[in-house]
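Welcome! Let's look at one model together, starting with a pocket and then turning to a pair of helices.

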Amino acid sequence: MKIKINKVCIVLSSFLLFGGCTSNQSQPLEPVAELIPGILIGYLPHDVIPDGIALLPTAPIAGNAEDKRLNTEVIANQEGFRWELATSDDNLEFPVAASMFSCAIDAKISKEETPQLYRLLRRSATDAGLSTYAAKKYYQKKRPFMINEAPTCVPAKEAHLRTSGSYPSGHAAIGWLWGQIFSEITPEYSDKALARGWAVGESRLFCNVHWQSDVEAGRTMGAAAFARLHANTEFTSAMAAAKLEIASVRAKGLKSSRDCNAETNALSLNADSEKL
């Protein structure tokens, strides 16, 4: 799969570095090459990145009946804890994104305390993001706000999102991949880690930037990328190192700096909940 650098920038900037490919994080360990400025190369060569066109069902032209039902429900509830979490979940830029799962696993995650894990998250996000590229470009499915004209949680990004296909969701792919990563390296928190990864996709519904079918397809791509990554020795070595880092953080008693009570309240609401 040959991908021109400028096109890679466009798709990754949709959910990693909105505002341009100009950020340049310093590396805490041995340097890893950047795919484009600010975005580290993934672990997977381009020719083994999962292909969404081959793996996924044909995208609905807009939203299907279930898509529209859920979308109607969530846009009527764009407020409170869940709306705030959805807005927060949109930001997959580092260092902010590093702490996304810290409440779920009850441990601090940072560039300083967990450098191996920090870099693992950055590189795997590239793999998951690129796994959605081919299908996004092929289908160019319209996002819900383009049809229902309701607000999104990211008004500053709307102009850009209009040019980026909705199917599959890159955020959902990354969130589900990260959920599986944390489930494996912190098995005692597996359920919470997976639930948090699932919620990243749900947040895209609340934000009114994706349909349910987009999110489901994104999770499929995240799972496919995770499976492929396990055949990569660099990735599996990083997973082992990250597991040791988490053990060290726990031994120091370092906890999340996020508001975990608010996050728990937010996660009690999902897109298909009677509480909405």
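## The largest pocket

How do the residues of the lining of the largest pocket divide into nonpolar, polar and charged? They divide into six nonpolar, one polar and four charged. Here Ala, Val, Leu, Ile, Met, Phe, Trp, Tyr, Cys and Pro count as nonpolar, Asp, Glu, Lys and Arg as charged, and the others, Gly among them, as polar.

About 230 Å³ of space lies in this pocket. A pocket is an open set of points on a 1 Å grid over the protein atoms alone where a 1.4 Å probe fits, with protein on both sides within 12 Å along at least five of seven lines; lining residues have an atom within 4 Å of a point. Among the lining residues are Cys103, Asp106, Tyr189, Lys192 and Glu263. Helix α14 (260-267) gives the largest share of the lining, four residues, and α5 (102-105) and α11 (190-206) also give two or more residues.

## Two crossing helices

Now find helix α6 (residues 115-131) and helix α13 (residues 233-252): their axes come within 8 Å and cross at roughly 140°.

The contact (heavy atoms within 4.5 Å) includes Leu117 and Leu120 of α6 and Phe235 and Met239 of α13. By class, nine nonpolar, one polar and three charged residues make up this contact.

## About the model

This is a predicted model: local features need pLDDT of at least 70, side-chain atom pairs count only at pLDDT 80 or more, and totals for chains, interfaces and linings use all residues. Residues are numbered from 1 along each chain as its sequence is written, and side-chain values use heavy atoms, leaving out hydrogens and water.

Definitions and conventions: Axes are lines fitted to C-alpha atoms, for helices over the stretch in contact, and angles run from 0 to 180 degrees between N-to-C directions. Grid points are joined across faces, edges and corners, and a volume is the space filled by probe spheres set on the points.
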